[in-house]
Amino acid sequence: MYCVAWTGSGNGTVRDGVLLMNAPGYQCGADLVNSAGTRDVPGDETVDFYEAEQDCTPLYPGTRLTYPAVLDYSSLGDQEPPQYVCLTEHTGA
């Protein structure tokens, strides 16, 4: 399971975070979901990474935010192009 831990405050539409794998829920600010708005199956280490921004479907419409995000590898050099994912606001432990 993948999630994002926020590393700083946001400025409205942009917020920095770190991608985590198999982290305890309390460390996560948002969970990765697929573009259909469903979570990955526990134990399945695959996640939907895309080459273009997605129209992310809310996992629980009207209750949690689901939105597109970009994984930016530019700090690692030109080794990896950006990848796009869908995040849903994390709740629970």
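I started with F49, which I list as partly exposed because its relative accessibility is 29%, between the 20% limit for buried and the 50% limit for exposed. The model I am reading is a predicted one.

I then asked how many aromatic pairs the structure holds. I found 1 aromatic pair.

Next I looked up where the two residues sit in the chain. I placed Y2 in strand β1, residues 2-6. I placed F49 in the loop between β3 (30-33) and β4 (66-71). The two are 47 residues apart, and the pair links distant parts of the chain.

I also checked Y2 for burial. I noted Y2 as buried because its relative accessible area is 18%, and the limit is under 20%.

I turned to the whole protein after that. I counted 5 strands and 0 helices. Reading from the N terminus, I wrote the order of elements as β-β-β-β-β.

For contacts, I took those with a separation of 6 or more and noted that 46% of them are between residues 24 or more positions apart.

Last, I looked up burial and surface for the protein. I recorded 28% of its 93 residues as buried. I put the accessible surface at about 6000 Å², with 52% of it belonging to carbon and sulfur atoms.

Methods:
Residues numbered from 1 in each chain as written. Predicted model: local features only at pLDDT ≥ 70, side-chain atom pairs only at ≥ 80, totals over all residues. Heavy atoms only, no water. Phe/Tyr/Trp six-rings, centres within 6.5 Å; stacked < 30°, edge-to-face > 60°. Helix = DSSP H or I, 4+ residues; strand = E, 2+ residues; numbered from the N terminus. Buried < 20%, exposed > 50% of the residue type's maximum accessible area, 1.4 Å probe, protein only. Contact = heavy atoms within 4.5 Å. Areas by Shrake-Rupley, 256 points an atom, 1.4 Å probe, with all protein chains shown as cover.
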